[in-house]
Amino acid sequence: MICAKCGEEIPAGDEMQLHGQTLCEDCFIIAVEPPKTCDVAAVHSAVTHRKQFGQTGTEGLTKLQKEIYEFVKEKGKVTRPEIAKHFDLKDWELERNFAVLRHCELLKGTKVEKTIYITTMS
């Protein structure tokens with residue numbers, strides 16, 4: 001079976017139904033509870049957690065999250081599609097990882113004229 005959202009093969013028995021569509025588990029979770037980048041409680045929780053464990057910068061992040069942060073830092077500003085293309089990420093994968101980086105106050109979105117860029121917070 002094929003996921004209606006991402007087009008990936010779904011192992012037999014792992015398919016999920018939502019609004020008449022057959023989805024893989026990842027697409028189902030994103031559809032039901034999408035990542036929220038602007039979530040005050042999540043930012044507070046992430047910042048507090050990182051302070052408790054003495055984490056700064058990219059400490060405690062996944063390899064991909066660190067690479068995304070370094071890519072944005074190196075480029076100065078990039079669009080979501082540029083990041084997705086560079087790392088071969090689906091939209092939901094990018095949003096999930098960007099949400100973590102935003103909650104850790106490492107990256108943010110900045111609108112310049114009609115284009116939204118991802119930039120570092122500092």
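What covers the buried residues of H3? The cover includes H4, H5, S3 and S4. The close-ups below start from there.

This is a predicted model, in which local features need pLDDT of at least 70, side-chain atom pairs count only at pLDDT 80 or more, and totals for chains, interfaces and linings use all residues. Residues are numbered from 1 along each chain as its sequence is written, and side-chain values use heavy atoms, with hydrogens and water left out.

**View 1**
Helices are DSSP runs of H or I with at least four residues, strands are E runs of at least two, and both are numbered from the N terminus. The 13 residues of H3 should span 18 Å at 1.5 Å a residue, and its end C-alpha atoms are 18 Å apart, which agrees. The expected span is 1.5 Å times one less than the number of residues. Gln65, Ile68, Tyr69, Phe71 and Val72 are the buried residues of H3. Buried means under 20% relative accessible area, exposed over 50%, and partly exposed in between, with a 1.4 Å probe and protein chains only. Seen down the axis of H3, the buried residues fall within an arc of 160 degrees, so they line one face of the helix. The arc is that of the directions from the helix axis to the C-beta atoms. Lys63 and Glu74 are exposed on the other side of H3. Just after H3 comes glycine 76, with a positive phi of about 90 degrees.

**View 1. Helix H4 and the residue that follows.**
Ile83, Ala84 and Phe87 are the buried residues of H4. They cover an arc of only 100 degrees around the axis, so they sit on the same side of H4. Their cover includes H3, H5 and S4. Pro81 and Lys85 are exposed on the other side of H4. Aspartate 88 follows H4 and lies in the loop between H4 and H5. Its phi is positive, near 55 degrees, in a residue other than glycine. Aspartate 88 is exposed, with a relative accessible area of 70%.

**View 2. The largest nonpolar core.**
In soluble globular proteins, nonpolar side chains tend to be buried together. A nonpolar core here is a set of buried Ala, Val, Leu, Ile, Met, Phe, Trp, Tyr and Cys residues joined through side-chain atoms within 4.5 Å. The largest core has 18 residues, of which Ile68, Val72, Ile83, Leu101, Leu107 and Ile118 touch the most other members. Helices H3 (63-75), H4 (80-87) and H5 (91-103) each supply at least two residues of this core. H3 gives the most, with four residues. Another core, of eight residues, lies apart from it and has Ile10, Leu18, Leu23 and Cys24 among its members.

**View 3. Isoleucine 118 and its contacts.**
Contact means heavy atoms within 4.5 Å. Residues up to four places away in sequence are not counted, and isoleucine 118 then touches Val72, Gly76, Lys77, Val78, Arg80, Ile83, Phe98, Leu107, Lys108 and Gly109.

Strands S3 (residues 107-112) and S4 (residues 115-120) run antiparallel and are joined by six bridges. Two strands pair if DSSP finds at least two bridges between them. Lysine 108 has threonine 119 as its bridge partner in S4. The hairpin has two residues between its strands, and glutamate 113 in the turn has a positive phi of about 55 degrees. At 75% relative accessibility, glutamate 113 counts as exposed.

**View 4. Cysteines without a disulfide.**
The structure holds zero disulfides, a disulfide being a pair of cysteine sulfur atoms within 2.5 Å. For cysteine 3, the nearest cysteine sulfur is that of cysteine 27, 3.7 Å away. Cysteine 3 is buried, with a relative accessible area of 3%. The sulfur of cysteine 6 has its closest cysteine sulfur in cysteine 3, at 3.7 Å, too far for a bond. Cysteine 6 counts as partly exposed, at 22% relative accessibility.

**View 5. Aspartate 14 and its surroundings.**
Aspartate 14 lies in the segment before strand S1 (16-18). At 44% relative accessibility, aspartate 14 counts as partly exposed. Leu23 and Glu25 touch aspartate 14, not counting residues up to four places away in sequence. Aspartate 14 and cysteine 24 are 10 residues apart in sequence and 6.9 Å apart in space, C-alpha to C-alpha.
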